[in-house]
Amino acid sequence: MSIVVRDVREHELDSVLALNNAAGPAILPLDATRLRHFFDHAEYFRVAERDGTLAGFLIGMGSGTQHDSSNFRWFRERYPEFFYIDRIVVASRRRGGGVGRAFYADAQSYAELRYPHMACEVFLDGTNDPVLLFHGSFGFREVGQHVMDETGVRAAMLMKPLCSYAWVHDTYGDQLPDVAWLSQPRALNGHVPPRATGTRP
(Lines give C-alpha, C1' and ligand atoms only; values in the text may rest on other atoms or scores of the structure.)
Protein backbone atom coordinates (compact mmCIF):
# COMPACT_ATOMS: atom_id res chain seq x y z
CA MET A 1 0.00 0.00 0.00
CA SER A 2 1.02 3.62 -0.42
CA ILE A 3 2.76 5.72 2.21
CA VAL A 4 0.65 8.55 3.65
CA VAL A 5 2.51 11.48 5.24
CA ARG A 6 0.37 13.80 7.38
CA ASP A 7 0.45 16.00 10.47
CA VAL A 8 0.73 14.15 13.77
CA ARG A 9 -2.37 13.90 15.96
CA GLU A 10 -2.26 14.44 19.69
CA HIS A 11 -3.46 10.94 20.55
CA GLU A 12 -0.48 9.50 18.62
CA LEU A 13 2.19 11.05 20.85
CA ASP A 14 2.60 7.94 23.01
CA SER A 15 3.22 5.85 19.89
CA VAL A 16 5.67 8.44 18.54
CA LEU A 17 7.54 8.42 21.86
CA ALA A 18 7.80 4.63 21.78
CA LEU A 19 9.09 4.71 18.20
CA ASN A 20 11.70 7.33 19.08
CA ASN A 21 13.04 5.50 22.10
CA ALA A 22 13.21 2.17 20.27
CA ALA A 23 15.25 3.66 17.40
CA GLY A 24 18.68 2.96 18.88
CA PRO A 25 21.79 5.12 19.42
CA ALA A 26 21.46 7.09 16.16
CA ILE A 27 18.50 8.99 17.68
CA LEU A 28 18.59 10.91 20.96
CA PRO A 29 16.00 9.68 23.48
CA LEU A 30 12.93 11.74 24.33
CA ASP A 31 10.64 11.98 27.31
CA ALA A 32 6.96 12.89 27.19
CA THR A 33 7.59 16.51 28.23
CA ARG A 34 10.13 17.08 25.46
CA LEU A 35 7.88 15.45 22.87
CA ARG A 36 4.97 17.60 24.01
CA HIS A 37 7.15 20.67 23.51
CA PHE A 38 7.74 19.62 19.90
CA PHE A 39 4.02 19.03 19.44
CA ASP A 40 3.25 22.51 20.75
CA HIS A 41 6.03 24.40 18.93
CA ALA A 42 7.44 22.57 15.87
CA GLU A 43 6.11 23.99 12.61
CA TYR A 44 6.59 20.60 10.91
CA PHE A 45 5.73 17.43 12.83
CA ARG A 46 4.44 14.73 10.53
CA VAL A 47 3.95 10.99 10.70
CA ALA A 48 3.92 8.34 7.98
CA GLU A 49 1.28 5.65 7.78
CA ARG A 50 1.67 2.42 5.85
CA ASP A 51 -0.92 -0.36 5.82
CA GLY A 52 -2.86 1.65 8.40
CA THR A 53 -0.09 1.67 11.00
CA LEU A 54 2.43 4.28 12.13
CA ALA A 55 5.65 3.82 10.16
CA GLY A 56 7.70 6.79 11.39
CA PHE A 57 7.80 10.51 12.05
CA LEU A 58 9.82 13.63 11.20
CA ILE A 59 10.13 16.83 13.26
CA GLY A 60 11.45 20.03 11.66
CA MET A 61 11.55 23.76 12.29
CA GLY A 62 12.80 26.99 10.82
CA SER A 63 15.91 28.88 11.81
CA GLY A 64 13.86 31.50 13.68
CA THR A 65 12.60 28.93 16.18
CA GLN A 66 13.69 29.00 19.81
CA HIS A 67 15.28 25.56 20.09
CA ASP A 68 17.86 24.49 22.68
CA SER A 69 19.67 21.86 20.61
CA SER A 70 23.41 22.59 20.34
CA ASN A 71 23.34 21.24 16.78
CA PHE A 72 20.59 23.72 15.88
CA ARG A 73 22.63 26.53 17.46
CA TRP A 74 25.68 25.45 15.45
CA PHE A 75 23.75 25.95 12.21
CA ARG A 76 22.18 29.21 13.36
CA GLU A 77 25.59 30.69 14.19
CA ARG A 78 26.67 30.08 10.58
CA TYR A 79 23.56 30.33 8.39
CA PRO A 80 20.86 33.00 8.61
CA GLU A 81 18.00 30.96 7.14
CA PHE A 82 17.38 27.23 6.97
CA PHE A 83 14.88 24.49 7.72
CA TYR A 84 16.25 22.16 10.40
CA ILE A 85 15.37 18.48 10.63
CA ASP A 86 15.61 17.72 14.34
CA ARG A 87 14.93 14.02 13.91
CA ILE A 88 13.53 11.44 11.57
CA VAL A 89 12.59 7.99 12.86
CA VAL A 90 11.40 5.06 10.78
CA ALA A 91 10.04 1.92 12.47
CA SER A 92 12.56 -0.92 12.20
CA ARG A 93 10.17 -3.15 10.24
CA ARG A 94 9.66 -0.36 7.67
CA ARG A 95 13.28 0.57 7.02
CA GLY A 96 14.35 0.21 3.42
CA GLY A 97 10.78 0.50 2.20
CA GLY A 98 10.83 4.11 1.05
CA VAL A 99 9.44 5.78 4.19
CA GLY A 100 12.56 7.89 4.74
CA ARG A 101 12.54 9.11 1.14
CA ALA A 102 8.82 9.90 1.37
CA PHE A 103 9.49 12.00 4.47
CA TYR A 104 12.38 13.89 2.92
CA ALA A 105 10.41 14.57 -0.26
CA ASP A 106 7.51 15.90 1.79
CA ALA A 107 9.77 17.99 4.04
CA GLN A 108 11.57 19.44 1.04
CA SER A 109 8.26 20.32 -0.64
CA TYR A 110 7.37 22.26 2.51
CA ALA A 111 10.78 23.83 3.13
CA GLU A 112 11.74 24.94 -0.38
CA LEU A 113 8.88 27.44 -0.42
CA ARG A 114 10.11 29.08 2.78
CA TYR A 115 13.84 28.49 3.31
CA PRO A 116 16.99 28.45 1.15
CA HIS A 117 18.54 25.39 2.83
CA MET A 118 17.71 22.19 4.68
CA ALA A 119 19.99 21.24 7.57
CA CYS A 120 20.42 18.13 9.68
CA GLU A 121 23.12 16.11 11.39
CA VAL A 122 24.25 12.48 11.42
CA PHE A 123 26.09 11.02 14.40
CA LEU A 124 29.59 9.78 13.58
CA ASP A 125 29.63 6.64 15.72
CA GLY A 126 31.27 4.33 13.17
CA THR A 127 28.05 2.55 12.15
CA ASN A 128 26.23 5.30 10.30
CA ASP A 129 27.74 4.98 6.82
CA PRO A 130 24.38 3.90 5.32
CA VAL A 131 22.75 6.98 6.87
CA LEU A 132 25.44 9.26 5.44
CA LEU A 133 25.00 7.59 2.05
CA PHE A 134 21.23 8.11 2.22
CA HIS A 135 21.66 11.81 2.91
CA GLY A 136 24.35 12.17 0.26
CA SER A 137 22.07 10.57 -2.32
CA PHE A 138 19.42 13.13 -1.39
CA GLY A 139 21.74 16.08 -2.02
CA PHE A 140 23.10 16.79 1.47
CA ARG A 141 26.79 17.65 1.90
CA GLU A 142 28.89 17.93 5.04
CA VAL A 143 29.60 21.54 6.00
CA GLY A 144 31.39 20.84 9.27
CA GLN A 145 31.48 18.67 12.37
CA HIS A 146 30.29 19.39 15.88
CA VAL A 147 30.69 17.69 19.26
CA MET A 148 27.34 17.94 21.00
CA ASP A 149 27.37 19.66 24.37
CA GLU A 150 24.57 17.40 25.63
CA THR A 151 26.19 14.03 24.91
CA GLY A 152 29.80 14.47 23.75
CA VAL A 153 28.84 12.74 20.49
CA ARG A 154 30.46 14.02 17.29
CA ALA A 155 28.06 14.76 14.45
CA ALA A 156 28.51 15.48 10.76
CA MET A 157 26.64 18.70 10.02
CA LEU A 158 24.83 18.40 6.69
CA MET A 159 23.27 21.05 4.47
CA LYS A 160 21.28 20.91 1.25
CA PRO A 161 20.55 23.97 -0.92
CA LEU A 162 16.92 24.32 -1.96
CA CYS A 163 17.11 25.64 -5.50
CA SER A 164 13.44 26.56 -5.83
CA TYR A 165 13.49 28.96 -2.89
CA ALA A 166 15.08 31.93 -4.66
CA TRP A 167 12.48 31.96 -7.45
CA VAL A 168 9.57 31.41 -5.04
CA HIS A 169 10.77 34.16 -2.73
CA ASP A 170 11.50 36.62 -5.54
CA THR A 171 8.10 35.94 -7.09
CA TYR A 172 5.84 35.77 -4.03
CA GLY A 173 7.81 37.39 -1.21
CA ASP A 174 6.16 36.69 2.13
CA GLN A 175 2.75 35.86 0.64
CA LEU A 176 2.46 32.40 -0.87
CA PRO A 177 -0.70 31.83 -2.91
CA ASP A 178 -3.62 30.21 -1.13
CA VAL A 179 -3.83 26.93 -3.01
CA ALA A 180 -4.83 23.58 -1.60
CA TRP A 181 -1.74 21.63 -2.70
CA LEU A 182 0.74 23.80 -0.76
CA SER A 183 1.80 22.25 2.55
CA GLN A 184 1.02 24.65 5.38
CA PRO A 185 2.71 25.14 8.76
CA ARG A 186 0.98 23.24 11.54
CA ALA A 187 -1.60 25.06 13.67
CA LEU A 188 0.19 25.63 16.99
CA ASN A 189 -1.80 26.39 20.14
CA GLY A 190 -4.85 27.02 18.01
CA HIS A 191 -3.28 29.28 15.37
CA VAL A 192 -1.07 28.99 12.31
CA PRO A 193 2.31 30.75 12.61
CA PRO A 194 2.04 34.07 10.75
CA ARG A 195 5.42 33.93 8.99
CA ALA A 196 4.73 32.42 5.58
CA THR A 197 8.29 32.16 4.32
CA GLY A 198 11.84 31.89 5.60
CA THR A 199 12.42 35.62 5.73
CA ARG A 200 13.84 36.76 9.02
CA PRO A 201 11.74 39.02 11.28
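## Phe 134 and the predicted model

Phe 134 is partly exposed, with a relative accessible area of 22%; partly exposed lies between buried, under 20%, and exposed, over 50% (1.4 Å probe, protein chains only). The model is predicted: local features need pLDDT of at least 70, side-chain atom pairs count only at pLDDT 80 or more, and totals for chains, interfaces and linings use all residues. Residues are numbered from 1 along each chain as its sequence is written, and side-chain values use heavy atoms, with hydrogens and water left out.

## Aromatic pairs

The whole structure contains 15 aromatic pairs. Rings of Phe, Tyr and Trp (its six-membered ring) pair if their centres lie within 6.5 Å; planes under 30 degrees apart are stacked, over 60 edge-to-face, and the rest tilted.

One of the pairs joins Tyr 104 and Phe 134: the ring centres are 5.4 Å apart and the planes meet at 90°, so the pair is edge-to-face. This pair links distant parts of the chain, since Tyr 104 is in helix α4 (residues 99-111) and Phe 134 is in helix α5 (residues 129-137), 30 residues apart. Helices (H or I, at least four residues) and strands (E, at least two) are DSSP runs, numbered from the N terminus.

## Tyr 104 and Phe 140

Tyr 104 is buried, at 1% relative accessibility. Tyr 104 also forms an edge-to-face pair with Phe 140, at 5.8 Å centre to centre and 80° between the planes. Phe 140 is buried as well, at 3% relative accessibility.
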